[in-house]
Amino acid sequence: MKMPIKLVAAALLLLQMSWLAGCAVREDDPYAVRVREMESRLANVERILDSGSMVQLLGQIEALQNELRELRGQVETLRYDLDGVRQRQRDVYLDLDRRLQALESTAGNGAAPAAAGNDRDAYQAAFALLREARYEEAKQAFAEFIDNYPDSPLVPNAWYWLGEVNYVNKDFETAVEQFRKVVEEFPQSSKTADAWLKLGYSRYELEQWDKAREALQAVAQRYPEHPAAGLANERLQRMTQEGH
């Protein structure tokens, strides 16, 4: 690296000497001034190279580049892990929902006391439509059930599944109202913990962060032994990581 610079410097010095030898050059001659400036700059470059400062700077740059590559790799790994966690959360909740649906589909005892008339048949017919993913028909059937059997013990379940249908269809505002109906008017229902959870999920999708956190905390605090509590805590942690 030094050899070309010194050759240039030597050439400049020879040129200067030839000028001086051929004629008397004044100190303030612009060419002489320019030559002296170039000599000074070359001397500065040589001092930097001799001191090793440039080598150290290049080493620092290379180290920073390596660190940047490592950080990018760590970010990609974290993104992959987070996507996996989110998928597992969805799988767990869907599995839980399927099991709850299976229990309700065979409910003749335990889910709710026997009711008068054909309310249970009407409810099971609406629920069958939901299991078949015929969401619009299920929504209509549950709404008709609520209108036709307002005193049935299965009404809170019907409100909950109406909320689920609208949640699946991404009508989160309507879902919020239906899940609220369950938690506010039927606090003793077997669906209340799940309704709080899905209320929090719906608020989350609407980016209503404070209300989402409030609903999810209600699940964890009021129903700590319920499976929904674990899902609520996971979503709360996710919100914290996302800065919500």
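A salt bridge is a side-chain nitrogen of Lys or Arg within 4 Å of a carboxyl oxygen of Asp or Glu. This is a predicted model, in which local features need pLDDT of at least 70, side-chain atom pairs count only at pLDDT 80 or more, and totals for chains, interfaces and linings use all residues. Residues are numbered from 1 along each chain as its sequence is written, and side-chain values use heavy atoms, with hydrogens and water left out.

Under the salt-bridge rule, the count comes to 8.

**First stop.** Select Arg-134 and Glu-137: their side chains meet in a salt bridge, at 2.7 Å from N to O.

Buried means under 20% relative accessible area, exposed over 50%, and partly exposed in between (1.4 Å probe, protein chains only). Glu-132 counts as partly exposed because its relative accessibility is 47%. Arg-134, at 34%, is also partly exposed, and Glu-137 is partly exposed at 39%.

**Second stop.** Now select Arg-238 and Glu-242. What is the N to O distance in the salt bridge where these side chains meet? The distance is 3.3 Å. Is Arg-238 buried or exposed? Arg-238 has a relative accessible area of 16%, and therefore is buried. Its partner in the salt bridge, Glu-242, is partly exposed, with a relative accessible area of 27%.
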